[in-house]
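Please look at the sequence and the model shown here before reading on. The briefing that follows is grouped by topic.

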Amino acid sequence: MRSAAGTPTAPSSSLKVRHVAAAIAFAVVAAAVGLSVGSIHVPITAIISDVAWRLGLGGHAMNQTDDVIVWTLRAPRVVLGLLVGGTLAVAGGAYQGVFRNPLADPYLLGIAAGAGLGATIAIVVIGGGAGDPSVTPVFAFVGGLLAVSLTWLVAGRGSTGPTTLILAGVAVASMLAAGQTLLQQTSTLAVTHVYYWLLGSLAGATWSGILGVLPYMAVSVTVCIACARLLDVLAVGELESASLGLPVVAVRTIVIAAASLGAAAAVAAAGLIGFVGIVVPHAVRLLVGVSYKRILVLSLFGGAGFLVLADVLARSVLRGQELPIGVVTAILGVPFFVLVLHVRRLRLR
Amino acid sequence: MSAALEASGVTVRVGARSLLDDVSVSVAPGEWVTVIGPNGAGKTTLVHAVAGLRRVDRGHVSLSGRDLGTLSDRARAGLVAFVPQTPVVPEGMSVADYVLLGRVSHRSLLRAETPHDRSVVGEVLTRLDLVALAARAVQTLSGGERQRAVIARALVQEAPLLVLDEPTTGLDLRHQLEVLEVVAEERRSRRIAVLATLHDLTLAGRFADRLCLLDGGRTVASGSVADVLTEDLLRAHYGVDVTVLDVGGTPVVVPTPRIVT
């Protein structure tokens, strides 16, 4: 604890390069697996060789079929998985910091229900029961953001404490979910479409869709990570963080707005994918400690890799059929979580 | 030199009820003023109000000559540091990181801490004998150690006024003294102004230059320790018979276990 000059200095809780490198490596490996695995297996070595060839570093090009499978069919799906997973994990971590509640997830303030209602309106009213892939995401995105805004207004514009916000979120979500159920019952055709949308999927990934949500996700992730050190201050509660000089209401409003923007964009792009926003920041917290300076950055890469791997399972477990990715994140997430808890217990012993 | 704290006519209401009614208190640099009074007298409301943590309905508060109402959160944190009665202990946070939170007002909010911030934290950890505990999680500390960490966090704010709400709650006799002695030493060596609330009247008399006795949200007595710690005043406002003994020049308050009707 003493530097060479003899003045004591405090140890650092800041981000460690080796942690970031490990998290990036995890996401890169997951992406490689995502490009390689599927109904037709393309060896990772062939993909690496192809990338090297494209960059003019030797190697050789893939055959045309593999090229189409890897770069036209799988790449947008992998990229969307990275973006949605990373954004949901950062948004979940940010929500946990704002609410000082480890059970907070990005859907806490009504985004899921609002996006669900928005998507149902798009499918039932606009799409005549089927839904247009260019319209549904927009409605889901707007619905999610309107729901959070409504929650925020009901809770007195964020000036009341986090508990009021959570309660308002529960009320708004219940109301919107009821509206969504009511609407989907009017059309038997719509039920199936709405149901599949709600379960979440990366199957509809396109480059233009990715470009549509990318700006929102980028803003969301950037703002959340920039506010990470303020979330560390907020950990001592509202009264004390105010006494330390933190403008509590402003910080809370900005972080909730940013996290909600990212979560709404993620939901618009891939439907309701649960568990990523809770399990990834938790796992990171258990591995590297409680500072949000670490949690948010590492969750970005951890969530990205996690969702791509979940998607690999979703499309490869059953031959010729895809599992809903939300089911996979839950099935994969829970044992992973138990494993991390177990490792931590062993380490503490 | 302006007073570290100058509060006059402070009134705080909740609905029709006054929690504080026209209370005035001032603390000069290097001075220690302790607020005493029975439960519900308004002690905590007063320290929250002067620390800018609670809205004042009427009256005026200035910190080192600057009007509290015009200060940003950050500017205020540079003029008054606050030690709460029951600090929130964030799980898993090290003592060093916890104390470092006190530096957040010294830079723009999104900036990382500087080497200077770390060296201020290092100095305060040394002064408060916390260096050996710096890497420990705050929640694993004993009550006395934890309270020293909370005070350390307030001290690294380097504010001219330190406000403490019942800093000895839940501590044994030795640790009560230890915590108050830490504050006394900081005030002596750095001329920090101290405003504290305390339940223990003997300790209150021992450590303060002046006392302020609150009852029902009003100031009922204020002045030197000898003026305020009198058997009549304490009987009238605490509702018990007490004997005030003089032990080596300091008053010792001994309650008589019989309720006055």
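**How the two chains meet**

In this predicted model, 24 residues of chain A are in contact with 34 residues of chain B, where contact means that the C-beta atoms of two residues, placed from the backbone, lie within 7 Å. The elements that give two or more residues to the side of chain A that touches chain B are helix 9 (228-234) and helix 10 (238-243) of chain A, and helix 10 of chain A gives the most, with four residues. That side of chain A divides into 15 nonpolar, eight polar and one charged residue, counting Ala, Val, Leu, Ile, Met, Phe, Trp, Tyr, Cys and Pro as nonpolar, Asp, Glu, Lys and Arg as charged, and the others, Gly among them, as polar.

Residues are numbered from 1 along each chain as its sequence is written, while chains are lettered from A and ligands numbered from 1 in the order in which they are written. Because the model is predicted, local features need pLDDT of at least 70 and side-chain atom pairs count only at pLDDT 80 or more, whereas totals for chains, interfaces and linings use all residues.

**Chain A**

- Chain A has 14 helices and zero strands, where helices (H or I, at least four residues) and strands (E, at least two) are DSSP runs numbered from the N terminus.
- Chain A has a radius of gyration of 21 Å, which agrees with the value near 20 Å that a compact globule of 349 residues would have; the radius is taken over C-alpha atoms, and the globule rule is 2.2 Å times the number of residues to the power 0.38.
- Of the 349 residues in chain A, 51% are buried, a word used if 20 or more other C-beta atoms, placed from the backbone, lie within 10 Å of a residue's own.
- Among the contacts in chain A with a separation of 6 or more, 76% are between residues 24 or more positions apart.

**Chain B and its sheet**

- Chain B contains nine helices and twelve strands, and its C-alpha trace spans about 60 × 40 × 35 Å along the principal axes.
- An open sheet of four strands in chain B has the order 2-1-4-5, with antiparallel pairing, and two strands pair if DSSP finds at least two bridges between them.
- The edge strands, each pairing on one side only, are strand 2 (17-27) and strand 5 (66-67) of chain B.
- Strand 1 (residues 5-14) of chain B is joined to strand 2 of chain B by seven bridges, and B:R13 has B:S18 in strand 2 as its bridge partner.

**Domains of chain B**

- An automatic or database domain assignment divides chain B into domain 1 (5-79 + 159-259) and domain 2 (89-157).
- The contact between them takes 14 residues from domain 1 of chain B and ten residues from domain 2 of chain B.
- On the side of domain 1 of chain B that touches domain 2 of chain B, helix 6 (173-190) of chain B is one of the elements that supply at least two residues, and helix 6 gives the most, with six.

**The nonpolar core**

- The largest nonpolar core has 197 residues, and those with the most contacts inside it are A:C224, B:V99 and B:L161; such a core is a set of buried Ala, Val, Leu, Ile, Met, Phe, Trp, Tyr and Cys residues joined through C-beta atoms within 7 Å.
- This core draws at least three residues from each of domain 1 and domain 2 of chain B.
- Leaving aside its neighbours within four places in sequence, B:L161 is in contact with residues including B:L5, B:V27 and B:A193.

Conventions. A residue is buried if 20 or more other C-beta atoms lie within 10 Å of its own, exposed if 12 or fewer, and partly exposed in between; C-beta atoms are placed from the backbone.
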